[in-house]
Amino acid sequence: MDFIFKPLILLIDLYIWVIIIAAILSLLQVNPRQPAVEIIRRLTEPVFRFVRQKFPFVVIGGIDLSPLLLIVGLQLFASLLTGNIFVTLIGILSSIIYSYIILIIVAIVLSYIHVDPYNPIVQMINRLTAPPLKFVRQKLPFLVIGGIDLSPIVLIFGLQAIIGLLGQIHIGV
């Protein structure tokens, strides 16, 4: 049975990489008429369209999260084939939290340098990081000291604590 599952898991992993490349190319707004870009778009766009139709909530504030939902779904399917779904769920959740921490750090750096606020990537980063930071600032107003906002540090520490808890759960499994 292993000879059937291993190639299938390999194909799933390859398609996940194609999805990641398609998401990066869409963020960079690459010319879609290039042959490589067109091939990747033809491989991914029908599946993205299907996900958007079945799950209309994946487009949040103009940000299309269908690639992320598709990657998580494919990872879960691959973990069902290998038989370790709980470990995979913890790994996916930890990866999402780590990615969000990196996004917060990028938002911090962008706040200190002068960038075009109308750049789509900058707007996306601000839309994804502003609500949790605003929540932390509202609940802990003493974090703004002399014009310096420490709420990103508190949010990163909180997310790191969640990752630590997930690691403890993973060890217990």
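Colleague: How much space lies in the second largest pocket?
Modeller: About 330 Å³, as the space filled by probe spheres set on joined grid points. A pocket here is an open set of points on a 1 Å grid over the protein atoms alone, where a 1.4 Å probe fits, with protein on both sides within 12 Å along at least five of seven lines. This is a predicted model, where local features need pLDDT of at least 70 while totals for linings use all residues. Residues are numbered from 1 along each chain, and hydrogens and water are left out of side-chain values.

Colleague: Which residues lie nearest its centre?
Modeller: Ala107, Ile108, Ser111, Arg137 and Pro152, out of 18 lining residues (an atom within 4 Å of a point). H4, H5 and strand E4 (148-149) each give two or more residues to that lining; helices are DSSP runs of at least four residues (H or I), strands of at least two (E).

Colleague: And what volume has the largest pocket?
Modeller: About 1500 Å³. Its lining has 43 residues, with Ala23, Leu27, Asp64, Pro67 and Leu68 nearest the centre of this largest pocket.

Colleague: Which helix gives the most to that lining?
Modeller: H1, with eleven residues. Other elements supplying at least two include strand E2 (63-64) and helix H3 (66-82).

Colleague: What follows H3?
Modeller: Gly83, with a positive phi near 95 degrees.

Colleague: And which residues of H3 are buried?
Modeller: Ser66, Pro67, Leu70, Ile71, Leu74, Ala78, Ser79 and Leu81 (buried means under 20% relative accessible area, with a 1.4 Å probe and protein chains only).

How values were computed
Predicted model: local features only at pLDDT ≥ 70, side-chain atom pairs only at ≥ 80, totals over all residues. Buried < 20%, exposed > 50% of the residue type's maximum accessible area, 1.4 Å probe, protein only.
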